[in-house]
Amino acid sequence: MADKLKVLLQYLIPQHGLSLLMGKIAESRNATIKNTFSKWFIKKYGIDMSIAERENPEDYETFNDFFTRSLKPDVRPIAEGDEVIVNPADGKVSQLGPVEQGFIFQAKGHRYSAKTLLGGDAELAKPFEDGEFATIYLSPKDYHRVHMPMAGKLTKMLHVPGKLFSVNPLTARNVPNLFARNERVVAMFDTEIGPMAMVLVGATIVGSIETVWEGTITPPTRDDIKVWDYNDKDIQLEKGAEMGRFKLGSTVILLFPKDTIEWEANMKAYAPTTMGAPLAQKK
């Protein structure tokens, strides 16, 4: 009953209004607000500040600055080898496996279409119709910068408006089409194994989604899909390079074409992920 109530409340709250309010608080430069909130957050979620580039929470300008903290050099080494595809983020595998006739497994009893996830663009979704996917959940305690699983050339980005449900496991089990109905940023890359999609999914109280090439994408939100075409630009990102970040936690979804990768044996639902560690091998 308690779980059902938690999910029901998400339908009733003003999702975007609450996220905007929390985003403003998280950007406050008031020392009392940002230091109190940051220290409370560290204690509540057991955050290991010894690996952060700035270990003292008072050294951050805002809570968002703390939340998107950089790590010390070499704390997250990038797995070597041209055939190795790496985890894009610290977190946990929500689900991972084959895309079946264009549909992605969300949780028991729930699937959603790759086409809808990618903003309804059939051409973008076509290469992934029988491909592979990985959904990686970033909890509040995790490092919240997202990195490239393999080298790629940016070709397109979409900002798809939507809801802001939580993306935690409870919500994934109970809200149909969760990842395809939440607000999200879709980044498309050309790689040596073909197209690769990286989808950064927004969630309740996520103050912002950013990319390294355009900066802040959301907020503001919008009523229609916005598309950026980069085919005439040379934006290349190497394996392990930062590509974006969340100001407050969320989920990253990766899509690969059919017969191009093989998942590492230890990568399965609920397995922890460490940015830069092996995720898959190229076939």
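Predicted model: local features only at pLDDT ≥ 70, side-chain atom pairs only at ≥ 80, totals over all residues.
1. Overall make-up. The protein contains eight helices and 18 strands. Of its 283 residues, 54% count as buried. Among contacts with a separation of 6 or more, 76% are between residues 24 or more positions apart.

2. The four-strand sheet. Four strands form an open sheet in the order β6-β14-β10-β11, and their pairing is antiparallel. The edge strands, β6 (145-147) and β11 (215-218), each pair on one side only. On average, neighbouring strands of this sheet are turned by 25° against each other, direction ignored.

3. Pairing within that sheet. Three bridges hold the antiparallel pair of β6 and β14 (residues 242-247), and Val-146 stands opposite Gly-244 in β14. Between β10 and β14 there are four bridges, again in the antiparallel sense; here Ile-209 stands opposite Phe-246 in β14. On to β11, β10 is joined by three bridges, with Thr-216 in β11 as the bridge partner of Glu-210. A hairpin of three residues connects β10 to β11.

4. Side chains of β10. Which way do the residues of strand β10 point? Ser-208 and Glu-210 point one way, and Ile-209 and Thr-211 the other way. All of these residues are buried.

5. The three-strand sheet. An open sheet with antiparallel pairing has the order β1-β18-β16. At its edges stand β1 (84-86) and β16 (261-263); each has a single partner strand, so one side of each lacks a neighbour in the sheet. From one strand to the next, the twist averages 35°. The pairing of β1 with β18 (residues 278-282) is antiparallel and runs over three bridges, and the bridge partner of Ile-85 in β18 is Ala-280.

6. Nonpolar cores. In soluble globular proteins, nonpolar side chains tend to be buried together. In this model the largest nonpolar core has 37 residues, and those with the most contacts inside it are Phe-189, Met-198, Trp-213, Met-243, Phe-256 and Trp-263. Leaving out residues up to four places away in sequence, Trp-263 touches Leu-96, Gly-97, Glu-132, Phe-133, Ala-134, Phe-256, Leu-279 and Ala-280. A second, separate core has 27 residues, including Ile-104, Met-188, Ala-203 and Ile-253.

7. Nine salt bridges are found in the whole structure. One of them joins the side chains of Lys-39 and Glu-58, at 2.6 Å from N to O. Lys-39 lies in helix α3 (residues 31-45) and Glu-58 in the loop between α3 and α4 (63-67), so this pair ties together parts 19 residues apart in sequence. Lys-39 counts as partly exposed because its relative accessibility is 40%. Another salt bridge is formed by Lys-72 and Glu-55, whose closest N and O atoms are 2.6 Å apart. Lys-72 is in the loop between α4 and β1, and Glu-55 in the loop between α3 and α4, 17 residues apart.

8. Is the pair of Glu-242 and Arg-145 buried or exposed? Both residues are buried. Their closest N and O atoms are 3.3 Å apart. The pair links strand β14, which holds Glu-242, to strand β6, which holds Arg-145, across 97 residues. Through shared partners, salt bridges join Arg-145, Glu-242 and Arg-245 into one network.

Definitions and conventions: Residues numbered from 1 in each chain as written. Heavy atoms only, no water. Pairing = 2+ DSSP bridges. Helix = DSSP H or I, 4+ residues; strand = E, 2+ residues; numbered from the N terminus. Axes fitted to C-alpha atoms, helices over the stretch in contact; angles between N-to-C directions. Buried < 20%, exposed > 50% of the residue type's maximum accessible area, 1.4 Å probe, protein only. Contact = heavy atoms within 4.5 Å. Core = buried A, V, L, I, M, F, W, Y, C linked by side-chain atoms within 4.5 Å. Salt bridge = Lys/Arg side-chain N within 4 Å of Asp/Glu carboxyl O.
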